[in-house]
Amino acid sequence: MKDFIERSRKELLSVLENKYSLDLEGSLQTQIPALDFYFAQDETQFNTTAYEPSLCIILQGSKAIDFGKEPLGYDTQKYLLSASNLFAKVKIENATKETPYVSLRIRFSLEEIYEVLKNLDTSRFNLSKKTEKGLFFDDLNERIYDPVVRLVKLLEKSDEEINFLSPMIIKEILFILIKDESGYFLNKFAMEGTISNKIVKVISKIKENFNEKLNVKELARFIDMSESSLYDNFKTITSMTPIQFQKKIRLEEAKLMLLNQNIEASQVAFEVGYESPSQFSREYSRMFGMSPKAHAQYLREQSIA
């Protein structure tokens, strides 16, 4: 098993080296909309990172993830699943210019998970009422790695092949994940009526209305849950309160606006829901480690065409 994973890992690095180069820094969006890569040539301190529903695999190097309790480490032998939009503090380890950190991410939606689930026998999932965290770690295996390799190798093919085959391979990956140990985790978040699924709906609601004043009472009524139950379950899944989560969403949206638009930081502050530009600047600097203007410049310099 480990030999197969090691061969596959090296094969994927070779594909990336030939098509792009490993001598890159930052995110790289590929021709496959759901697939991107991340490169780093230096180790980092813990920085806040936004996760979407996705499968994450490290091809070279390792990471430490702080998600509420003690930091968890994972490397080329494990995979990470995120079931919703979440935030975690991430530290890149074992990264040098000679051997850079390289990871891949395959994004999907809960609707795509549900489309696979409804065609499977899910009776083996005895779903408890206990809420669990929104991140899941497990060991990589040949069943998962094989379609991932085929998906990445599509980057060497024509646009026609990419557009036709990539959705099918992504569905295959979801099928395998659901049949694997992660199936219980994915089922809890995707199945209508579970507490985890209700909290995901609240997360989506906050994300859609991030610049509006948060009303926990209305959110609780939206999912037919008490305010205290919403608060407790939300914190279990996301490791933060609804208000803390909204703040992170606002700052992430501000980052994108600063990066992609020619707009002053003070205007961005109002656009994302802040009443005070100075408060926005303080909280932005606390989250990203530099002022809004400096961070936007840094991101432009790091962006990969």
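In this predicted model, the second largest pocket holds about 300 Å³ of space. Of the 18 residues that line the second largest pocket, S109, L110, E111, N197 and V200 are the closest to its centre. Two helices, α2 (110–117) and α6 (195–208), each supply at least two residues of this lining. Helix α6 gives the most, with four residues. By class, the lining of the second largest pocket has eight nonpolar, five polar and five charged residues.

The largest pocket contains about 1600 Å³ of space. It is lined by 48 residues, and those closest to its centre are S27, Y38, T49, K255 and L299. Helix α9 (residues 242–260) gives the most to the lining of the largest pocket, with seven residues. This lining divides into 24 nonpolar, 13 polar and 11 charged residues.

| Pocket | Volume | Lining residues | Helix giving the most to the lining |
|---|---|---|---|
| Largest pocket | about 1600 Å³ | 48 residues | α9, seven residues |
| Second largest pocket | about 300 Å³ | 18 residues | α6, four residues |

Next comes the sheet. Four strands form an open sheet in the order β3-β8-β5-β6, with antiparallel pairing. The edges are taken by β3 (47–51) and β6 (72–74), each with a single partner strand, so one side of each has no neighbour in the sheet. From one strand to the next, the twist averages 40°. Strand β5 (residues 62–66) pairs with strand β8 (residues 86–93) over five bridges, in the antiparallel sense. In this sheet, I65 stands opposite V90 of β8. Helix α9 packs on the sheet and touches β3 and β8, and its direction makes about 65° with that of β8. Helix α9 is also the helix that gives the most to the lining of the largest pocket.

A further pair of packed helices is α3 and α4. Helix α3 (residues 142–153) and helix α4 (residues 159–179) pack at an angle of about 170°, and their axes are 9 Å apart. Angles over 145 degrees count as roughly antiparallel, which means that α3 is roughly antiparallel to α4. On the α3 side the contact is made by R143, I144, P147, V148, R150 and L151. On the α4 side the contact is made by S166, I169, I170, E172, I173, I176 and L177. By class, nine residues in the contact of α3 with α4 are nonpolar, one is polar and three are charged.

Notes:
Residues numbered from 1 in each chain as written. Predicted model: local features only at pLDDT ≥ 70, side-chain atom pairs only at ≥ 80, totals over all residues. Heavy atoms only, no water. Axes fitted to C-alpha atoms, helices over the stretch in contact; angles between N-to-C directions. Parallel < 35°, antiparallel > 145°, perpendicular 65-115°, else oblique. Contact = heavy atoms within 4.5 Å. Nonpolar A, V, L, I, M, F, W, Y, C, P; charged D, E, K, R; others polar. 1 Å grid on protein atoms, 1.4 Å probe; cavity = no way out; pocket = protein on both sides within 12 Å on 5 of 7 lines; lining within 4 Å. Points joined across faces, edges and corners; volume = space filled by probe spheres on them. Pairing = 2+ DSSP bridges.
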